[in-house]
Amino acid sequence: MRTEQHNNNNKRLLSSKAIKPTAYFIILLLTYTLGYLSSPSPTSSSSTSSLSLKPLPLKLNHASSTTTTTTTTILRVSDNTTTTEINSFRVTIRCADPIPPEEIRGTVINRLFDGTSPFHNFPPEHASAMLRRTTKVKGWGSNGAVFENLIRKVRPRVIVEVGTFLGASAIHMAELTQRLGLETQILCIDDFRGWAGFRDQFKNIAMLNGDVLLYYQFLYNVAVFNRTGSILPVPFSSGSALRKLCELGVFADLVEIDAGHDFLSAWADINRGYRILRPGGVIFGHDYFIAADNRGVRRAVDLFARIHNLRVKIDGQHWVIHTS
């Protein structure tokens with residue numbers, strides 16, 4: 001009797017030991033299945049780019065107090081090489097009504113420089129001996145054919161340049177507009193700080209107490225070439241400067257984008273520059289063909305054009321987008 005009872009106990013013990021691994025396996029399988037079913041489906045690869053859009057109001061106002069509302073917002077852009085996640089680009093500040101081109105210079109001087117031109121009593125004594133006179137201002141693509149092509153076609157009254165460095169392209173555009181008999185005001189947006197390590201390439205630009213005199217050298221170049229009446233600096237970051245011009249009602253016929261070359265910088269500058277573009281105006285820029293074009297300027301330009309159903313044209317190393 002005891003032997004039979006002992007055998008039954010052994011059977012129950014063996015049975016329970018066999019059940020435990022089975023139960024653990026079933027629980028593990030259920031957990032994996034639930035996790036798989038609840039995860040988002042992976043993005044399928046494709047040889048062509050795909051664009052996913054989600055509605056979101058984006059207010060644009062170009063030439064009147066009437067507000068135009070669009071409802072396209074980029075969430076994800078993917079192609080056969082990279083995938084870019086982009087938060088909605090929201091510009092909430094409403095542009096003022098456009099002011100007449102002939103009032104723009106005075107407005108900028110009054111609102112940004114307390115009514116005194118930055119060229120007044122220039123250069124200051126502490127910096128005059130450090131500035132370098134030159135017959136050719138250093139730049140990149142600053143004399144490209146695109147400038148004359150666009151100026152002849154658009155005949156701009158106002159040009160906004162985002163990223164001016166030493167003023168080479170601004171001086172070139174000022175010479176072109178004068179030659180064509182145009183009265184054009186050129187606003188040059190730049191924080192005039194250069195970039196980390198740029199002194200490795202430009203040791204001839206003076207430094208005073210750790211401050212690179214890039215702004216003073218720009219003013220000096222403009223003065224040397226006698227363009228102080230048509231060129232005016234806006235010495236702030238591109239984001240804050242473009243936002244302020246929008247608030248002041250300063251609109252341009254041509255907007256050149258040539259500041260930061262990474263995707264986010266180019267993307268922000270293009271979108272903000274587009275807001276101050278007059279109807280029928282042209283936005284353009286440099287460095288469409290660079291080593292990092294799929295992650296930098298070209299990606300920002302192509303994405304912007306696709307969203308707004310615009311066409312990108314190429315002129316040398318420059319990209320050009322006509323709005324009409």
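A residue counts as buried when its relative accessible area is under 20%. Keep that cut-off in mind for the views of this predicted model.

View 1. W267 has a relative accessibility of 7%, so W267 counts as buried. F263, at 8%, counts as buried too. Both belong to helix α8, which covers residues 263–275, and they sit four residues apart, about one turn of the helix.

**View 2. How the rings meet.** A pair of aromatic rings is described by the distance of the centres and the angle of the planes. There are eight aromatic pairs in the structure. For F263 and W267, the ring centres are 6.0 Å apart and the planes meet at 10 degrees, so this pair is stacked.

**View 3. An aromatic cluster.** Look here for F122, F192, Y215, Y216 and F218, which together form one aromatic cluster.

**View 4. An open sheet of seven strands.** Follow the strands in the order β10-β7-β6-β11-β12-β14-β13 and you will find mixed pairing. At the edges stand β10 (231–234) and β13 (312–315); each has a single partner strand, so one side of each is left without a neighbour in the sheet. On average, neighbouring strands of this sheet are turned by 20 degrees against each other, direction ignored.

**View 5. Strands β12 and β14, with a helix across.** Strand β12 (residues 277–285) runs antiparallel to strand β14 (residues 318–322), and four bridges join them. Helix α9 (residues 297–307) lies across β13 and β14, and runs at about 15 degrees to β14.

Notes:
Residues are numbered from 1 along each chain as its sequence is written. This is a predicted model: local features need pLDDT of at least 70, side-chain atom pairs count only at pLDDT 80 or more; totals for chains, interfaces and linings use all residues. Side-chain values use heavy atoms; hydrogens and water are left out. Two strands pair if DSSP finds at least two bridges between them. Helices (H or I, at least four residues) and strands (E, at least two) are DSSP runs, numbered from the N terminus. Axes are lines fitted to C-alpha atoms, for helices over the stretch in contact, and angles run from 0 to 180 degrees between N-to-C directions. Contact means heavy atoms within 4.5 Å. Rings of Phe, Tyr and Trp (its six-membered ring) pair if their centres lie within 6.5 Å; planes under 30 degrees apart count as stacked, over 60 as edge-to-face and the rest as tilted. Buried means under 20% relative accessible area, exposed over 50%, partly exposed in between (1.4 Å probe, protein chains only).
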